Amino acid sequence: MRRYFRKTLLAFLCLSNFGQAEAKQRQSLVSVEQKGKVLSDDQLYRVKYSCSSSKKLLPSFLSRPVIDFPILTRSKSATHVFAVTTGGVNLTNFSFEAPTTTTLFAPHHVFTVEGANIKGQSGTSCGDELFVTGFDHPKVAYILKFETDGLPVAAVRAITLLNDTLAPIFHIIKGKEPNDRTKEAQTQVQTIVSKYNEYLQFFKDRQESEANALDLKEGRNRIITRASTITIDVTPVESALHSAAPFRAGIKKFVALTVPTDISRPVEVCRKLQRDLIDSGFRSPADQAYILYRNLAFDSKKKYIECLDPNELAPFVINDRRLYVGYIPNAVLITRDDVQAYLDEIGAVPAAGANRKTDVAVDFLTDTFSRFGALNIIPSSDRTNLEKYAAETITFDDQTTAATLSDASAGGNDRQTVTSGALAQQLERLTKRNYRRFGCYQVTSEPTVQGFDGASAMILAAKATDEKKPDGTQKAVDELKKETVGLRLFFERDRLVKVVATNKYVTEVRAKNTTCAL
């Protein structure tokens, strides 16, 4: 009896040790290799990924190296999936998070095994590439799930559907409104996430399952199990067009640009689209010119030249002309002679608003001012671009009547009308007096607002619509408009260096901007 008790105790302790070893093994089912640096918000990256699984190793995937007895194997089936995404994973039920309207989601099924049988395995289709910025916070989200029972027929059928599913992975340019292609892609992403999550519900063993979403790092990222490897290479690029990626042939896959229906005003349309491209990470003029050319359908070379600006983006088309051949009809593909003929036609006087670098800068700054007015901070999405459009120190000169935007000086007998400091500090001079709405851009080449003071452009600053009278009642729209001021913007080397606040030219700016509500 005593001998039997010892054997039973020994068997129990062995099983306990096996269980502890198995737990340790479960903790290391997935290993991660990331040796590169954190991605920079304002850098464009080429992300190329692939996955593979071993036919030799998969049949033994469910067995544990620390346990030699098959009877102790807990799970009967397992599946492994991953996604390059800007979303995440739900650790409660080991599934992918529901996507938002801007979630990038490129999923793949790596393998599924049931016992020693391979039910599904990644093939040559497990891989692709895309472009993202560090600000997008791209991740690799992986899920390894287990099931203690056998797989139903529905699960096996679902594997085939997942292997045939391709998600739209193009870089969505963040315009004001999504186009039909973008909306369709967003709907498709939501459907694909649902399909993957429905499939993952066949695997219910929470004790065994693992999931995570890791920020990608520059260089090689690898997710490794005993039978599979996911490899993601992240490379910084200065130009997508000149990178090793098949950008020309795959531009519809790589980029989705929201083009307005009305393109009758090429300069205005392209200025706004160029700003959207810059905000989305495509800062190379060569990329901007190429993406605009491939997405716009102007009917003449002149309109393309006006769109691109003969001195800014048009030269990049000429330099890279061979990259356009075969994709753009010769009838509308500009040459150096076409640009010179256009310059001869307009003579020495450029059209109002032709300084596209200033236009793009003012568009950016107007949006930044508006977001500061709403949030009282400059958002990180703007800070990444700010040094390109504004100097580190900005001079603010209050020339309004009675210096209404200035604080009293130290002595209290005068007002400190001129200050220097960071842009956020200068914007606080406006927001502390409830000036929170900005817009109605006008270039100063327009005679009615010229001023001959060296300013390049002017925008209006208006008080918030919730502005109250001293008695606490709401101010009427007409009363608010009387307090609107003009901000004259001065640039050096295409960066803002000075802002002059004035009561002059406000009426004239409104007259030139018939939709202006400030």
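Me: Buried means a relative accessible area under 20%, exposed means over 50%, and partly exposed lies in between, with a 1.4 Å probe and protein chains only. Why does Tyr199 count as buried?

Reply: The relative accessibility of Tyr199 is 1%, and the limit for buried is under 20%, so Tyr199 counts as buried. This is a predicted model, in which local features need pLDDT of at least 70, side-chain atom pairs count only at pLDDT 80 or more, and totals for chains, interfaces and linings use all residues. Residues are numbered from 1 along each chain as its sequence is written, and side-chain values use heavy atoms, with hydrogens and water left out.

Me: Why is Phe202 called partly exposed?

Reply: Its value is 25%. That falls between the cut-offs for buried and exposed, so Phe202 counts as partly exposed.

Me: What makes Tyr199 and Phe202 an edge-to-face pair?

Reply: Rings of Phe, Tyr and Trp (its six-membered ring) pair if their centres lie within 6.5 Å; planes under 30 degrees apart are stacked, over 60 edge-to-face, and the rest tilted. The centres of Tyr199 and Phe202 are 6.4 Å apart, with 65 degrees between the planes. The pair is therefore edge-to-face.

Me: How many aromatic pairs are found in the whole structure?

Reply: The search finds 18. The rings of Phe96 and Tyr196 have centres 6.1 Å apart and planes at 75 degrees, so this pair is edge-to-face. Phe96 is in strand 5 (residues 95-96) and Tyr196 in helix 3 (residues 180-200), so the pair ties together parts 100 residues apart in sequence. Here helices (H or I, at least four residues) and strands (E, at least two) are DSSP runs, numbered from the N terminus. Both residues are buried, Phe96 at 2% and Tyr196 at 0%. Ring pairs also link a cluster that includes Phe131, Phe247, Tyr293 and Tyr304.

Me: How do you know that Lys498 lies over the face of Phe490?

Reply: A charge sits over a ring if NZ of Lys or CZ of Arg is within 6 Å of the ring centre and within 35 degrees of the ring normal. Lys498 is at 5.1 Å from the ring centre of Phe490 and is listed as lying over its face.

Me: Which residues of helix 6 meet helix 7?

Reply: They are Pro285, Ala286, Gln288, Ala289, Leu292 and Tyr293, which meet Tyr304, Leu308, Leu313, Phe316 and Val317 in helix 7. Contact means heavy atoms within 4.5 Å. Helix 6 (residues 285-295) and helix 7 (residues 301-319) pack at about 145 degrees, with their axes 9 Å apart. Axes are lines fitted to C-alpha atoms, for helices over the stretch in contact, and angles run from 0 to 180 degrees between N-to-C directions.

Me: Why is Thr231 called buried?

Reply: Thr231, in strand 13 (residues 228-237), has a relative accessible area of 13%. That value is under the limit, so Thr231 is buried. Across the protein, buried residues make up 49% of the 518 residues.
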